[in-house]
Amino acid sequence: MPVVNKESAARMNDGPLLFRYINDPEQYRITRYLQHGGYAGLRKALKEMTPAQVVEYVAQANLRGRGGAFFPTARKWGLMPPGVFPRYVVANADESEPGTCKDRQIMERDPHQLLEGLILSAYAVGAEQVYIYLRWEFELAAERLWGAIREAYDHGFLGQRILGSNFNCDMAVHRGAGAYICGEETALLDSLEGKRGQPRLRPPYFPAAKGYLSMPTALSNVETYCNVTHIVREGPQVFTQFGREKCPGTKLVCLSGHVRQPGVYELPLGVSLREILYEWGGGPLEGRQFKAVIPGGASMPILPPDKFDYPFDFEGMVEAGSMIGSAGVIVMDDSTCMVGAAMNLVRFFEHESCGKCTPCREGCPWLSQILRRIEHGQGRPKDIDLLLAICQQMDGKCFCLLGESALVPVRSAIQHWRHEFEQHVAEGRCPFGDGHTDPGTRGDTDEARVQRRVVARRGMGGGAVPGGGCRQPGAHRGGSAGQPERGTGAAFHAAACDRDADRAVARDGPLCRLGSWFSDAL
Amino acid sequence: MSDATVDTVTLTIDGIEVSVPKGTLVVDAARKAGIEIPVFCSHPKLEPIGACRMCLVRVEKIPKLITSCTLQVAEGMVVTTNSAEVAAARAGVLEFLLSNHSLDCPFCDKGGECDLQDHTFRHGVPEGRFEEPKILRQKKPMPPIIEKVMSRCVHCARCIRYCDEVMGVGALRFINRGVCTEPAAFMDGGLACEQCGNCIEVCPVGALTAEFYDLKARPLDRKQTNSLCQYCGDGCTMTIEVKGRHSGETHIIRTRGHDGQGVNDEFLCVRGRFGYGMVNSPERLKQPLVRRDGELVPATWDEALDLVATRLAEIRERHGADAIGGIGSEKCTNEEAYLFGKLLRGVLGTNNVDYRTEAKRPFQAASLARLLALAPPEGALWRLRHARLVVLVGADLTSENPWSEKQIIQATAKDHQRVLLAYPRRIRPVEYASRWLRHAPGTEPALLRGLAGLVANEAQAEQVAATVGVAPDELQAFAKELQDAPDVVLLLGPRVCAGTDPDAAMLAAAQLAQTLGVRRPAGADGPKRVDVVVLARHNNTRGAQDLGLLPDTYPGYAGMKTAGFAPEWGEALPTRPGKSTPEMLAAAAHGELKALYVLGANPAVAFPDGERVRQALAGVEFLVVQDLFLTPTAQQADVVLPAASFAEKEGTFTNGEGRVQRVRRAMEPVGEARADWEILQAVAGRLGRPWPYLSAGEVAREITRLVPLYAGLSYQALDLPVSNFLVRPAPLAAAAAEPVVSGGAGPAAPSGEYPFVLLTGQTLFHSGTLSPWAPEMRRLAQHAYVEIAPEDAATLGVADGERVRLVSPRGALSLFAHVQPGGAPGILFLPHHFAEAPANVLLDAAAAVDRVRVEKE
Ligand SMILES: Cc1cc2nc3c(=O)[nH]c(=O)nc-3n(C[C@H](O)[C@H](O)[C@H](O)COP(=O)(O)O)c2cc1C
Ligand code: SF4
Ligand code: SF4
Ligand code: SF4
Ligand code: SF4
Ligand code: FES
């Protein structure tokens, strides 16, 4: 297993499918991709398969969406109303979930794998236009994707009458403007249309029925489309040989936090969390013990160590009391203050709340204000129940899952580590030391706080200002920027960010993600 | 009214069974069952968004609470709104909303009428648990008028959605995110929009307010009166709010629309919402004036009225009744229009009466009646919202009839209506029209006749196209779409009915409608539906027409048939058609017309060839003017009688679609001003004909008795929410007289000395002589200007905002140039009615098309 960047000790394995050539520095070029069997699936599909057969392959493989909900992809395609054209294929490449950095690796290192899957999917559903909605901060990925698209056009894999067939397909990259909510599929579509990215009213429940420009739209995660590439190229069994029956395939697992070997690993679904943490992550840091794990990015419940033996797939994580989500496994050891961790997670959501609905817009800042007080030793005994009451007031009442997710870390932190909250209140200080106080916010005047927030919240999807289509982000999203806050979950591993972050965001940015070190390594 | 066959769905809400049409939202179904579900973002006129979460309810078989404002009813659905769980959800949302709310109710315009206060009172908990520092923000202006206080915003997006969905303007968007989200104009700056203020109206809290109103009053200080807007012929219902009922120093502090009331259902345009200031103006006439030694000096009512009566009687004695003429108003009430005709015809004995002050060539009453008979029976405004194809000819709808336009904007956005536009200038409807025929100015009659010929397959597209100055294939496509549409509304604006050859244009329109009506679109059975709508520019243009302020008809389009009026109005009523306004002014100039009675009109500024008008007015022996202000016309008068404004009197207006609605007195008239009908009654009395009316209502009763068109009218029936008294002349009445068709004018040849065609008309911010007296409206449009195309500006070396001089064969004017992107080269547009730059001095009453040259100053 080659280590990419020895200094950061972060790595990627040569996985069985998606990561087979991930460590090949030339893989992003089409010549190398072709040498490695690239576009064979597309050739095969266009020559030998009908679109229905491609759909059938994906159905047989039981491919479930890798964006987090694991909804069967072929079933989603089946929801597209017949006879309604034009239709679109959209790749959700907004990868903004804290602790998640898998799509980025593919787009930077093996972009043709995604392109091929997208073209195949377009063929399968009868679309002639594909958009890749790319997270704003992914500079290198944008460059690589555009390069790959150009190469694909040059080789006749995109454009008119692809490979001599009657199938036409165009592709473009659309860069977001720095908002986590634009990863939510309906907000993504609004943003793609040049509007402010905010979740749309459902029904219609799926973009498949009414998506981009109100037309049928197949929208999936980057990893999902990459799986399509392999399923078509080598047949469904190449996929179903991995994983458990209900949830086959491999999964790109993003391992970050207090482990010896953080990285992105392509693993068969269904391995246990323990295997991921110890065999791939190399176990806890010197002299430390694992304390908590979030298996699927910031939105999922935090699990204590007694849940580590559950199989890591959709069903397994539900049984364990959490969700697999984006498979962003964030690990915290016993140096972590759970109040601080909850605070950082909530501040991420507070910062990213789109502001549309009341419970999320108002609930997140309230939760974060209380958590900040407790963390700074100004908690009162009644605060803990108040936190739970606020969670209850948000639970099931938000417009979209962002708000519903925001309360999850608070609830699970209190559920499993209530004593830490009580200790903060009783001692009037953080028992983990004062290394993780909240820089820049104590002693602020109200006006300064407001100003800071207003600046920090400018970025939003597409047309954040009337006239539509403004692509000028006033700030980067907090999820990408942010200085590490020592001693709190998942924050420590982030190195400097790949963009100069707005200082305001840097201070407000709660939780940093893995990411930049991969591009540094190139 | 919409569909005859609506499926109904029965559901249970809190144990109450209700049946509602399929597609109804649960929140509306609950209202029907008498159950109030609190809402913020939900609004009856806007698409649901489900954002505020205030309306959460429990529905059986749905795992979570669900927003009742987004959920459609289903058969057998069981909804609970009164459980502890729902109550907790409501209290929770309110607690959230108040957490960063400034709670400055004592200093908030909305205090006392705020949804947040009301919902909290009913559904909130008295003690909040939020003890953190609030995120509060300062008041921010969005110039020129609107101010926002974001600490009060509940982020319901109603303002944004109204501006998008109803106004079609899209001036507002949310900026920032999370708790700092706020609705804002482009770059969070000023609002470059229609300034209608509807965003303020739909805001459930005090987050938006108008600078004119901000912190001027509390709800309890205000006396509210439901009445009508006095500007255009759409006839919006408005509430007039008056302050000072305790002090006696009354003035209007605000006018507003109300949800579910009137044809406008809460909407008001900028004139309706902010044009009230003329009532409060210190320039209002407060006592009668009479001319002594060449000067207008104050007089008592008795002096002034005696003088009017004596002089009129004297002139009638010496020169005969036809030496007297009257120019009435399309702004006064029906009752006043009726009495003005009765005074001139019945008391003074002349048919010299007209209300038109701008028309160079007045139409015949029969032409109008013929078109009015083709009006949609359910009302033009409703029809515009539902028609599949609207053909708009000769109207700058945005400026002239804003609410009519908003019907179309909503219909084009939501219901797939298509709009065909024929207009010589680039106006806002160009944005949403599917086709635009930019025909040569003044060719409306030829265009309408050509279209009638084309749909009847009797005309050559090339020939018509050449006459009106458009491309033949564009014309052909226009006609084709007209032919193929399943139903059509033909919308005719002032350039048709007050154009250069109105009778020809109106006849052609009627013929076009008839030809289309018998043509079925492919595959349809039954005749195609065609309606004709004649737009009314002023609040009571239609009433002035209906009640006989036209020289060739008695009230109700009776023509010269005096039978119904004879004994009651007077013994010997005149039976020869009288003189129209141009004819009266010409007669005055020639010394034939000795006395002129002007009621609320301002020909000195409105009628073409201003200099000649002034001479004509100076030429009459006796000029009496009844008005609110000392207008240029009034300045020339021998007697000026101060009239009450629309807010100070009772009566009715008939809007453009023929809907008769009530105007109510919101305050006492200023000074000694009196309602026009009272003044007319006093004059008649002094002329030996005491009329018996104790109130405007009694005049109305006489109208219902004598004018069959208005039979059955009663003030009670006109009450809110919306009057359903619609008048429409019977088709037969129109067939009586056949107008003579003269050929439509072709494009006028350019002339060397005066190379520009000059079009005049109104704008959104000023519609007539009244609005410039409102300081609020003046703020929006301060200076007179002329619109000029960029190409022409470049050739002339004129920059935007520079002063230019317009010279016509009749006169000259100096004003600012406004370079209009997309304007048609060779055509200038000059808003009329600016007293300091009266457009009429340039116009030639005899010319079909007016021409000017532009000089740099
Ligand atoms: C707040 C929020 C953020 C999301 N962000 C992402 C994202 O960054 N990338 C992604 O693929 N899916 C994201 N999703 C999930 C998408 O809405 C959507 O379900 C997914 O893209 C579907 O792809 P799949 O079928 O391949 O799973 C997000 C969902 C929510 C509610
Ligand atoms: S839950 Fe949050 S992100 Fe989702 S719509 Fe509501 S405010 Fe926006
Ligand atoms: S005043 Fe009217 S046009 Fe302007 S923003 Fe408000 S609603 Fe829109
Ligand atoms: S300003 Fe008023 S209408 Fe607009 S979002 Fe805020 S509360 Fe709603
Ligand atoms: S001017 Fe016309 S549209 Fe505007 S508020 Fe008055 S009646 Fe309504
Ligand atoms: S009223 Fe239903 S969500 Fe706002």
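Reader: Which ligand 1 atom does the backbone of E95(A) approach, and at what distance?
Author: An oxygen atom of ligand 1, with a backbone N or O atom of E95(A) 3.4 Å away. That is a polar contact (N or O atoms within 3.5 Å; within protein, one must be able to donate a hydrogen and the other to accept it, and residues adjacent in sequence count only if both atoms are side-chain atoms).

Reader: What are the ground rules here?
Author: The model is predicted: local features need pLDDT of at least 70, side-chain atom pairs need pLDDT 80 or more, and totals for chains, interfaces and linings use all residues. Residues are numbered from 1 along each chain as its sequence is written, chains are lettered from A and ligands numbered from 1 in the order written, and side-chain values use heavy atoms, without hydrogens and water.

Reader: Back to ligand 1. What distance does the side chain of T224(A) keep from an oxygen atom there?
Author: 2.6 Å, from a side-chain N or O atom of T224(A). The side chain of N92(A) also puts an N or O atom 2.9 Å from a ligand 1 oxygen.

Reader: How much of ligand 1 does the protein cover?
Author: 88% of the 610 Å² of accessible area that ligand 1 has on its own. Areas are Shrake-Rupley values with a 1.4 Å probe; for residues, only the protein chains shown count as cover.

Reader: Which residues come nearest to ligand 1?
Author: G67(A), K76(A), N92(A), N221(A) and T224(A), out of 19 residues around the ligand. A residue counts as near if one of its heavy atoms lies within 4 Å.

Reader: What classes are in that ligand 1 shell?
Author: Four nonpolar, nine polar and six charged residues. The classes: Ala, Val, Leu, Ile, Met, Phe, Trp, Tyr, Cys and Pro are nonpolar, Asp, Glu, Lys and Arg are charged, and the others, Gly among them, are polar.

Reader: Which element gives the most to the ligand 1 shell?
Author: β5(A), with three residues. In chain A, β5 (217–221) and α16 (401–427) each supply at least two. Elements are DSSP runs numbered from the N terminus: helices are H or I with at least four residues, strands are E with at least two.

Reader: New topic. How many salt bridges over all chains?
Author: 100. A salt bridge has a side-chain nitrogen of Lys or Arg within 4 Å of a carboxyl oxygen of Asp or Glu.

Reader: Which residue does R233(A) pair with?
Author: E116(A), with the closest N and O atoms 3.2 Å apart. R233(A) sits in helix α9 (residues 222–234) and E116(A) in helix α6 (residues 111–125), both of chain A, so the pair ties together parts that are 117 residues apart in sequence.

Reader: Are R233(A) and E116(A) buried or exposed?
Author: Both are buried. Buried means under 20% relative accessible area, exposed over 50%, partly exposed in between, with a 1.4 Å probe and protein chains only.

Reader: And in chain B, what does K45(B) meet?
Author: K45(B) meets D259(B) in a salt bridge, 2.7 Å from N to O. K45(B) is in the loop between α1 (26–32) and β3 (56–59) and D259(B) in the loop between β13 (251–256) and α6 (270–274) of chain B, so the pair ties together parts 214 residues apart in sequence. K45(B) is buried at 12% relative accessibility, while D259(B) is partly exposed at 40%.

Reader: What about D531(B), which partner?
Author: R529(B), at 2.9 Å, N to O. D531(B) is buried at 4%; R529(B) is partly exposed at 29%.

Reader: Which residues form a salt-bridge network?
Author: E113(B), E201(B), R222(B), E241(B), R254(B), R256(B) and R273(B) are joined into one network through shared partners.

Reader: Other ligands. Which residues are closest to ligand 4?
Author: C153(B), C156(B), A157(B), C159(B) and C203(B), among 13 surrounding residues. By class, the ligand 4 shell has 11 nonpolar, one polar and one charged.

Reader: What surrounds ligand 5?
Author: The residues include C229(B), C232(B), C236(B), C269(B) and W403(B). In chain B, α6 and α13 (402–414) each give two or more residues to that shell.

Reader: Last one. Where is H766(B)?
Author: In the loop between β28 (756–761) and α29 (775–780) of chain B. H766(B) is buried, at 2%. The side chain of H766(B) reaches the backbone oxygen of A781(B) at 3.1 Å.
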